[in-house]
Amino acid sequence: MELADFKDLVFEKAKRAGFTDYEIYYEKGNAFLAKIYNGEVKEFKNAKSAGLSFRGNYNGKTGYSYTAKIDADAAEFLIESAKSGAAVIDEEKETIYAGSEKYIQLEDEKVSEMPAAEKIEKAKVMEKAAYGEDARIKQVPHAAVGNSEGEIHIFNSAGLNLSRKSNIAYAYVYAQAEENSQTKMGWDIFAGKDFTGFDEVGLAKKAVKNAVVMLGARDVKTGKYPVIFENKIAADLIAVYSGIFFAENVQKGFSLLGGKIGEKIASDIFTLNDYALCDKSLSQIPFDSEGVAAYNKAVIKNGILETYLYNLKSAARDNTVSTGNGFKGSYKSPVTTACLNFFVSPGETTEDELLEKMVDGIYVNGLAGLHSGTNAVSGDFSLKADGFIVQGGKISYPIEQFTVAGNFYELIKNIKGIADNLFFDLPGGGGTFGSPSLYVGEVKVSGGE
Amino acid sequence: MISKNLIHDVLTAALSTGGDFAEVFLESTVRNSVSVVNGICEKSVSGMDYGAGIRIFNGLGAVYVYTNDLGAENFIKIAKEAAAAVSKVNALNTVKGFINTEIQNRHKVVVMPDSSQKREVVEILKRSHAASMEYNPLVTQTSGGYADVVSNILIANSNGLWAQDLRVRSRASFAAVASNESEKQTASLGPGACRGFEFVQGLNPYKIGREIAETAVTMLKAKEAPGGKMCVVIENGFGGVIFHEASGHSLEATSVAKNASVFCGKMGEKIASDKVTAIDDATLANEFGSINIDDEGEITRRNVLIENGILKSYMVDKLNGKRMNAESTASARRESYKYAPTSRMTNTFIAPGTDSQNGIISSVDYGLYAKKMGGGSVTPATGEFNFAVVEGYMIRGGKIAEPVRGATLIGKGSDVLLNIDMVADNLELAQGVCGSESGSVPVNVGQPMIRVKEITVGGKE
């Protein structure tokens, strides 16, 4: 059955079943990935999938359902299960949105295609280059080249009819270096709208460098140290704690930022933004999953909390308007809150100058356990880390087997310096996160020495 | 759910360019979930997942494609597209006649999950909320969730395998937050099983609500944990996450076959202290990580991984088995048809030992008692792991002393296994969701109380 016919069928059934407002959110995607191991294609993946969700208001409550099958039985399932779901809801119904006045118009993207054979060849070159770069590379566990494209459509009974497309091309390589019975892993990633600018040999060399520089890592003494988080790591930390800025978490008491709008919650030099469009990021987001127009805004400006992030429901609760941050994780999920391009404004100093400013301390370039060692409510974190001892403003030697522990709310207050090297992660379910390297002052370090 | 003739045609198309082996994994899954925040039912979702993945072995490599359009025309077209990526020119293999795999269902379901049960589920979650709030005025928020899954799966391959199974799982989750003026502490529980609606009906929401409230309040009053190397006693149940992260992932063929595990080439060698016997058992009746057949259609079994410190077995799937010249241990798993399977854990635990719990605590002069653990992660190549202690106490002079919070345990799996020097007899399993190459799969972790002679504790004091 065609999507348009299916939509008409579901809407007709919804109306007949007594739904007052209703919406269909459709998602479609293709994904390609080739992984090379020992010169052979170890994994070749080519996937096509589509699915849609229904939400509708019944007796003043909102029910949700979804299906990956598009036929008459599925239409019946959507309506019946959304209805039985709505019956147990206590909350007020959600708004089925008629549309914003204006949306950012994206230019039609010209994405250049690359044949599968060429992608495989590039992954092979990448693996070979990693082995060839340094004799201490004993394994290249991942050498992968992939791309995906996606499409979203929203139709509803208030007349909304929106769609957008996205593309991403990426490659990554992991290199494992061994020396004196120590094993270290290094990796690097390329990401773009397409493969323009992808340098497979250069990427392999960087991954190798990231592995071998960690060889000879020593233990570190437990104590308090000034710390700089590398840009990639800082972006991960910002991502973990992004939820404290969501109005719905503030309203339900899951954030400590309640009543803090207009107050100083961070260092003067710290500005945190949420942009619909941003040069260095791959995400361009004209509207959210509720059809509300997205736009560029500061969340923290020079240390002052400017706004929370709202969807339609949390905005209504605070008598304000949505900030265009109502998102679904996938078509299967209900609308909650997520970020657009969420990033720390870069400073004007280079990373080297930041190291000179710190003089002595630790440069952290790896964090593990972000899903378990962080408490999104209290802001506490205690994370396994990798990094370097910094002495006299210069990177000195690698260190391992230590943790960094602190509190995010405290950390943003203590920021002492921000580099100019803004880096964005790949777009993910909760948004696209970016940060330059951050000099965060003193942090508790526990080590094995 | 789909005809044998069509699957035969799909597998034939998949082998049309010289692939060694072809397999179809098809699923039709219905899920229901609800969430209750602060006693208010906020979300209720029901959904239907449907699709199939086709895998072709090509030497030591594999091609994987998936689609959710299973009409004959598209299904065969997708199989042909996959075949086009096979690079070897072998003699053509043919698809053997299908033989049904007889499956003995060990996980009996009393009441099949159904969206009409949501009202009762919501009541159970609200009772836990009320119990948490009543326990102590410091409890300020709660959240509760519930999810059930009924999945019909079919696995068929070119060797004539035809295996069908029905998998049913239910899980509830409960969390309480305790707050003072400047801080918040969370405690949670997430019981689950391969059971139907009878599972949530059998939970005691009053007891659960009070238990998590008690932990959150205790942790709110706790001081920051100290950092550094010390002796750590890890309690039973979810404490088993230490074995899961520190060793389990490194024993999966997923990393062993790539030579990216610290336990490569160690078969028959001593990798743990004599006190450690570790098992992965997918056959335990109704347990959350159990499966009758793995996701390659093999009947599951009990795999002894480590016996009295000696490495006895890895966890192996067919493709990695081919790469490392080992037989499958029926350990292939995948989140859904969107993932090619690879070797994964099911119910993985350290077997009971002979030490007493009192004996273990009283043996420690100064150390940490990790009563409840949170999640963790590992890099199998280096064996470096980390995980969070969500409820911890200091041990002083052989007695459990003041509560401490914010501790993380880090180390290398190869070291920690050798440092487990006491194992009690109170084995308990606990539920979790494990994420890795083939997606997120339900698992049990488990252990009796254990003592780790020395490990690095990351804390703020």
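These notebook entries record what I looked up in a predicted model with chains A and B.

**Entry 1. Conventions.** I noted that residues are numbered from 1 along each chain as its sequence is written, and that chains are lettered from A and ligands numbered from 1 in the order in which they are written. The model is predicted, and local features need pLDDT of at least 70, side-chain atom pairs count only at pLDDT 80 or more, and totals for chains, interfaces and linings use all residues.

**Entry 2. Chain B as a whole.** I counted 10 helices and 24 strands in chain B; helices (H or I, at least four residues) and strands (E, at least two) are DSSP runs, numbered from the N terminus. The radius of gyration of chain B is 24 Å, close to the 23 Å of the globule rule for 461 residues, so chain B is as compact as a globular protein of that length. This radius is taken over C-alpha atoms, and the globule rule is 2.2 Å times the number of residues to the power 0.38. Along the principal axes, the C-alpha atoms of chain B fill a box of roughly 70 × 55 × 35 Å.

I then looked up burial: 61% of the 461 residues in chain B are buried. A residue is buried if 20 or more other C-beta atoms lie within 10 Å of its own, exposed if 12 or fewer, and partly exposed in between, with C-beta atoms placed from the backbone.

**Entry 3. Where the chains meet.** The contact takes 59 residues from chain A and 68 residues from chain B. Two residues are in contact if their C-beta atoms, placed from the backbone, lie within 7 Å. On the side of chain B that touches chain A, strand 2 (residues 40-58) of chain B gives the most, with 12 residues. By class, that side of chain B has 31 polar, 25 nonpolar and 12 charged residues. Here Ala, Val, Leu, Ile, Met, Phe, Trp, Tyr, Cys and Pro count as nonpolar, Asp, Glu, Lys and Arg as charged, and the others, Gly among them, as polar.

I also found strand pairing between the chains: strand 2 (residues 40-58) of chain A pairs with strand 3 (residues 61-67) of chain B in the parallel sense, over five bridges. Two strands pair if DSSP finds at least two bridges between them. Phe44(A) has Val63(B) as its bridge partner in strand 3 of chain B.

**Entry 4. Strand 2 of chain A.** Strand 2 of chain A pairs with strand 1 (residues 21-37) of chain A in the antiparallel sense, over 17 bridges. Within that pair, Ala34(A) stands opposite Phe44(A). Their hairpin has two residues between the strands, and Asn38(A) takes a positive phi near 50° there.

Seven bridges join strand 2 of chain A to strand 3 (residues 61-67) of chain A, and these strands run antiparallel. Ser53(A) stands opposite Tyr66(A) in strand 3 of chain A. This second hairpin has two residues between its strands, and in it Asn59(A) takes a positive phi near 50°.

**Entry 5. Ala14(A).** I located Ala14(A) in helix 1 (residues 3-17) of chain A. Ala14(A) counts as buried because it has 25 C-beta neighbours inside 10 Å. Beyond its neighbours within four places in sequence, Ala14(A) is in contact with Phe19(A), Tyr22(A), Gly56(A) and Ile79(A).

**Entry 6. Nonpolar cores.** A nonpolar core is a set of buried Ala, Val, Leu, Ile, Met, Phe, Trp, Tyr and Cys residues joined through C-beta atoms within 7 Å. The largest has 208 residues, and Ala216(B) and Val232(B) have the most contacts inside it. Strand 18 (residues 384-396) of chain B gives the most to this core, with eight residues. Apart from it lies another core of 70 residues, including Tyr37(A), Ile137(A), Ala85(B) and Ala381(B).

**Entry 7. An open sheet in chain A.** I traced six strands of chain A in the order 10-9-8-13-19-18, with mixed pairing. Strand 10 (304-305) and strand 18 (423-424) of chain A stand at the edges with a single partner strand each, so one side of each is left without a neighbour in the sheet.
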